[in-house]
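Please keep the model open as you read.

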Amino acid sequence: MIKDKQQSEKTFKILYILIIVCFFIFAFAICLFINYSDGDDAFFISYTEQYGFIDFIKILTYEMNTRVTTTITLFFIFSSNILVWRVLNAFFLTSLIVLAERFISIIILYKSYKERLISFISICICFICIGTMTIGYSSFWITGSINYLWPLVIGLLSLCPLIIKTFKSEYRLNKYIYIASSFFGVWACLAQEQISALLVGFGIILLFSIWQRDKTIPFFSALQVTLMFTAFIILLITSLSGNRSELSMLQYLPSFNDLSFSSHVFIILQWLCYGISGQLNLLYLFICVLMGLLLFKNNSIFDKTFGIILFLFAATSLPIFNDFGPYISDYRKIVIDVPTFDALSLFQRASLIWMLFKITAIPFIMLRLTRVARFSSTGFVIYFGGLVTVLIMGLSPTMYASGERVFFVFAVMLLFILASLITRIKSIQLKICSITVIGVSAIIQFIYTFNDMLLLLRG
């Protein structure tokens, strides 16, 4: 019996490493197609050629109000051969997948190594469900990857001790792990506003969960979250200081300050719906289908009703239902006339309201799964955490100009949820069938839009 268990563990480790190697090769192969773009990449290359490290940091951080840790990374990457970025980027992409699997395995107790391997494969497949433009601008555009992918991975890594302390309280971690995680957390919180807000929010929630259970908060955990919160405040102050906000408005959305409150709310919600329907549609589709299947199998009329609603959500994911009115499609142009609710037709208004209902209802229906399918309530927190990272972009005049990359953090949170839902399917056959359908759909989407992504990343 013990010998069989040891053999199973050995086989698991071999297959686990094999999956990691295969994903790294896949990520590195895509990075080989990527070269420096004519936009920001070319700009940073010219600056690294003109200035040394100190002057580069000084000019970009103090005069242009860029993020300090991101600026440091930009200097070293654009001072190096592009191969360095390709290797590091493939490493960060692979690390994201491994972290996702580790987090899910900590939150969900797997019954066997087979379940865990299936879950790991599903995470790899779910990753390519993310819209190609979102992946492209956040993970395969050189400047974009340094601003989004890398800080997110470093930030999620920094949360590991807090997550372990929350879900596996019996584990004892030494102070050096907390020192390293605090450093990573501060680095990530100084790198990008969306990621910083997410990390601080999750850190506070994890601390509250520990306090609720133990009636005390570990010193090093509290210190880490305090340092991360401080870094977040510093990032906000530096981002809003100087003339950066005024320049952004003049360059991208001159009427930003003149818009009424209702106009601000409308353009944020319309922009959110278009972004989700365009870039996160596949993730939403399969989340709705799997949640519907898990609820519909129960005898309760209440659960079956929720299941039908979720199937309707999935059915209305088709592009024909995703017309929300005039949209700013070319983010490189100055936006003079913003869309208004009055300009929408009756169908467009109905589509917008239905989409907002779907976005809002899914996490609350998710709570029902905690009772009937042993789905962790953590999914509810992850969903809203990701959603907030998108909504806060509405506070910036660069909302349209930022393009699809700002949906990346939310997309990764949805990836966690979709992969977790797959683990809740009891039937191995149905689980494999679900992964196959999701995988085929994701691959078709990726191949269909891959060339468009490469063309846009060169501009």
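Is phenylalanine 53 buried, exposed or partly exposed? With a relative accessibility of 31%, phenylalanine 53 is partly exposed; the class lies between buried (under 20% relative accessible area) and exposed (over 50%), using a 1.4 Å probe and protein chains only.

## Ground rules

This is a predicted model, where local features need pLDDT of at least 70 and side-chain atom pairs count only at pLDDT 80 or more, while totals for chains, interfaces and linings use all residues. Residues are numbered from 1 along each chain as its sequence is written, and side-chain values use heavy atoms, leaving out hydrogens and water.

## Aromatic pairs

Rings of Phe, Tyr and Trp (its six-membered ring) pair if their centres lie within 6.5 Å; planes under 30 degrees apart are stacked, over 60 edge-to-face, and the rest tilted. That rule gives 38 aromatic pairs. Helices here are DSSP runs (H or I, at least four residues), numbered from the N terminus. Phenylalanine 75 is buried, at 10% relative accessibility.

Elsewhere, Tyr36, Phe43, Phe44, Tyr47, Tyr51 and Phe78 make up one aromatic cluster.

## Around valine 412

Valine 412 sits in helix H20 (residues 408–423) and is buried, with 1% relative accessible area. Leaving aside residues up to four places away in sequence, valine 412 touches Leu96 and Leu152 (contact means heavy atoms within 4.5 Å).

Terms used
Helix = DSSP H or I, 4+ residues; strand = E, 2+ residues; numbered from the N terminus.
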